[in-house]
Amino acid sequence: MSITFEEKSTLGWGWFLEVRRPPLLIGHIRKGGTLNTYQFFHGPHNELNYEFQESDLEVLKRKVSEKYG
């Protein structure tokens, strides 16, 4: 089954992408503060330790898809 990326918005974080292998939530991607990078956090409750970081969102999506897809 393929990985999907679903954009969500929140009051506290601005926006993030849920990363799913339907129906499971496997992690999320969010913009990394002042660094102007995107970070992937593996696991549904992980908010602290990112696994991948990229300045290009599409590159990060490919890395996540390759590893978890």
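**Salt bridges and the nonpolar core**

The structure holds six salt bridges. A salt bridge is a side-chain nitrogen of Lys or Arg within 4 Å of a carboxyl oxygen of Asp or Glu. Side chains of opposite charge can pair when their charged atoms come close. This is a predicted model, in which local features need pLDDT of at least 70, side-chain atom pairs count only at pLDDT 80 or more, and totals for chains, interfaces and linings use all residues. Residues are numbered from 1 along each chain as its sequence is written, and side-chain values use heavy atoms, with hydrogens and water left out.

Glu-6, Glu-18 and Arg-20 are linked in a network of salt bridges. Buried means under 20% relative accessible area, exposed means over 50%, and partly exposed lies in between (1.4 Å probe, protein chains only).

Glu-54 forms a salt bridge with Lys-63, with the closest N and O atoms 2.4 Å apart. Glu-54 is buried, at a relative accessible area of 18%. Lys-63 is partly exposed, at 32%.

Another salt bridge joins Lys-61 to Glu-58, where the closest N and O atoms are 3.6 Å apart. The two residues lie three apart in helix H1, so about one helical turn separates them. Helices (H or I, at least four residues) and strands (E, at least two) are DSSP runs, numbered from the N terminus. Glu-58 is partly exposed, with a relative accessible area of 43%.

Arg-30 is found in strand S3. Arg-30 counts as buried, at 10% relative accessibility. Its side chain makes a polar contact with the side chain of Glu-47, at 2.9 Å. A polar contact is a pair of N or O atoms within 3.5 Å; within protein, one must be able to donate a hydrogen and the other to accept it, and residues adjacent in sequence count only if both atoms are side-chain atoms.

The largest nonpolar core has 12 residues, among them Ile-3, Leu-17, Tyr-38, Phe-40, Phe-52, Leu-60 and Val-64. Such a core is a set of buried Ala, Val, Leu, Ile, Met, Phe, Trp, Tyr and Cys residues joined through side-chain atoms within 4.5 Å. Strands S2 (14-21), S3 (24-31) and S4 (38-42) and helix H1 (57-68) each supply at least two of its residues. H1 gives the most, with four.

Phe-52 touches Tyr-38, Gln-39, Phe-40, Leu-60, Lys-63, Val-64 and Lys-67, not counting residues up to four places away in sequence. Contact here means heavy atoms within 4.5 Å.
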